[in-house]
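Subject: Structure handover

Hi,

Here is the structure I promised you. Please open it and keep it beside this email as you read.

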Amino acid sequence: MYLALLVFFLQCSELYTQERVFTFNTVEIKVQPSVKVKNGAPMSIVCRADISKSTNFQLKHNFTIFKDGKLVFMTVSNKGDAQYEIPMARSSDTGEYECTVEAGGKTKSSNSLHVWVTGMTKPILTAEKKEVLEGEVVKLRCELPEEVPPLYFVFRKTKMNSTPKEKFVFEPYKNFSVVEFSVEEGDNILQFDCFGKRNVKLEFESSEYSNKTLVTVREPFIKPTLKAKPSSNITEGDRIQFECSTVVARMHDIEIILQKNRTILNSTVYKYVDEYSVRDEKLLKYSALATLEDSGEYLCKVEQGRTSKTTKLNVVVSELFPKPILAASMSKLDENKELTLSCSISGFRKANFSILRKNSNGDIWLKNSRNLTMRVNVNDTGSYICKAEVKGIVKESRPVRINVYAPVSKPTLSVVSGLPEVVLGKPLRLICRSVMGTPPITFTFYKGNNEVKKVVINDTYATFLDENIRPNDKRGYKCDARNNHSSGMKTSNILNVTVIVPIRNASLGSIPYGEVEDGSETAFLCSVKEGSWPIHFRIFRKTDRDILLFEKSENADRVMWRKEAMNRQDTGTYYCMASNRANVDVKSHPITISVILAAWQKGIIAAFVLIPIAGAATLTLWWFLCKKKKAKGPSMEMSGSALATNLTSEKLTRQHNDGDYYTGSSYIEDSENHMKSTDESNDSVEKRHSRIQGHPDAT
């Protein structure tokens, strides 16, 4: 029974569960009357859930509405929709709206919907003061109530019959802004207003203009007046007085300035004026003796803080007398000549004259007169002026340049490096110097009779660079110098420059060449193909450290060195080096010398080797003969006697015919002939060195 009841309840529960099945189809959000709502109009945000159910049963819905991700409305309802009412929409209600519905453990959200409340609230403008002075500032506050930052504020200042001046302010965190406007000269009644702006979906929206606020401006002082006494048109030499004045009230630290162009002539400061006192006149004076330079525009300026007012006056000063003129008898003259300076004024003679010489440390007075005559020297070169004074007015003439010249001395021409020589292929720098003479000096250089350079220089020397040096350049150089002195040109002595040809192609040879007998003489010849004399020759033998064997300077292109007795230690490699004043060492190709045994040394060695061999052969023969004699007896004695006779006869014959042996007299004669031949050969080597073996000139 109990089992049957349990089965019954389980089946009923399953049927009940199957009857309460539901699902969300959609969740939608809408705005009434539209997504664009005017500021101040009513607005409704409607959230609706479309749900499918298995049966008709009640379901509670939790509605949540968000604006820009923030919760703004929440309610619970049995109905499938909910409504968020906004009686008066404001621009702050603009944003992205989204609703979420939760029911029976299931949740679904709508898509987002952008709502734009068009129009902004009217801003409110307030001014800190309703009355200000020129130079002060007006402080304004513009507020956009019910608006949410970030916001832009635009303030406007409008004068009577003029275009408004605007100031822009961005406020990222406030719905109000404060600015200051300066009150300038000429401002009278000022009108201020403002409006706001905001950025919605990359579009700017502006509010209407705020209330208009009026501010009255008062003058702290009136525009100054500027007068010139006795008149603004006067003659130089007369005294002129300027008066700059203004009327002030309610002011501290007021300053009056008189200036011409950018130069301040006079100024004064009034520290305090009682704001309750009667308006007071303030005056600045300035006087001077009028000159032509005083003509021009004068400015009277009154300042206090930011306020400034000016008045201008043009003054014309007529000329009392023209500038004096200084004349010179000569502007260029030789030293010890006479110079006359004369000062005059066109159409005017009654003046006090003085003549001076210009100097950087102050003009040097020479004479109080209209005329000056003096005998000049080089130190009198310079600029001269004259001054004329009438009625306290002093005028200065234009300067006159006087140049006094000393004659040039005879120039000297030399090579900058010192010696009068140059290496072929290198440039030659010459210097022409005239110790005496007033610059500028004209220097002219000549190569042979050809002019190669002319230069005018403010110095006592000039240089010339000759880069075209050839082997056959043997012409002399010279230069001349001249200046503005009447003595004319001076010419230097001729400078002959030696062209040094560098060494080229050194070579070394020897006789005999290659192999040399021990104890014999060897001649070495070092020569060059080209090079200027004298030439310094050196001969070396190569070892771990090359050994200098011979050196000599010759006015020739070759040199010979004899080494009298060569030995085995002289075997090795030899080379020579040649140089001249071009300071370039030229090295020859090396040659190899081998020292071998002399003929007599070979003979001694042969004798020592052959005598023992001959002795051994004789003993062998004797032993053989003795043995044979014993064997044959008497018959061998006869044979031996006959053999001895034959050997004796043969020996006598060979002594007479053999060419390897000479009598004493014949040997002496041959020796004398040999020495004579050697001497002749040596003389031939000296005279005909080009035939030495191993040398490039060998035939």
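Predicted model: local features only at pLDDT ≥ 70, side-chain atom pairs only at ≥ 80, totals over all residues.

The largest nonpolar core has 27 residues, and Phe24, Met43, Ile45 and Tyr97 touch the most other members. Six elements are listed as giving two or more residues to this core: β1 (22-32), β3 (43-53), β4 (61-67), β6 (81-86), β7 (95-103) and β9 (113-118). There is a general pattern behind this. In soluble globular proteins, nonpolar side chains tend to be buried together.

Now pick out isoleucine 45. Leaving aside residues up to four places away in sequence, isoleucine 45 touches Ile29, Lys30, Val31, Ile65, Ala82, Gln83, Tyr84, Tyr97 and Val115.

Next, the disulfides. How many does a search of the whole structure find? It finds 6. Number the bonded cysteines in sequence order, and the pairing reads 1-2, 3-4, 5-6, 7-8, 9-10, 11-12.

Cysteine 47 sits in strand β3 and cysteine 99 in strand β7, 52 residues apart, so the pair links distant parts of the chain. The S-S torsion is about 70°, so this disulfide is right-handed. Cysteine 47 is buried at 0% relative accessible area. Cysteine 99 is buried too, at 0%.

Cysteine 244 is in strand β21 (residues 239-248) and cysteine 300 in strand β25, so the bond ties together parts 56 residues apart in sequence. Both cysteines are buried.

Strand β29 (residues 338-344) holds cysteine 343, and strand β33 (residues 382-390) holds cysteine 386. The torsion here is about 60°, so this one is right-handed.

Look also at lysine 301, in strand β25 (residues 296-304). Is lysine 301 buried or exposed? Lysine 301 has a relative accessible area of 19%. The cut-off for buried is under 20%, so lysine 301 counts as buried. Among its contacts are Cys244, Glu255 and Thr310.

Last, a sheet. Four strands form an open sheet in the order β40-β39-β42-β43, with antiparallel pairing. The edge strands are β40 (450-457) and β43 (490-491), and each pairs on one side only. Strand β42 (residues 477-482) is joined to β43 by 2 bridges. Find aspartate 480: its bridge partner in β43 is threonine 491.

Best wishes

Technical notes:
Residues numbered from 1 in each chain as written. Heavy atoms only, no water. Pairing = 2+ DSSP bridges. Core = buried A, V, L, I, M, F, W, Y, C linked by side-chain atoms within 4.5 Å. Buried < 20%, exposed > 50% of the residue type's maximum accessible area, 1.4 Å probe, protein only. Contact = heavy atoms within 4.5 Å. Disulfide = S-S within 2.5 Å.
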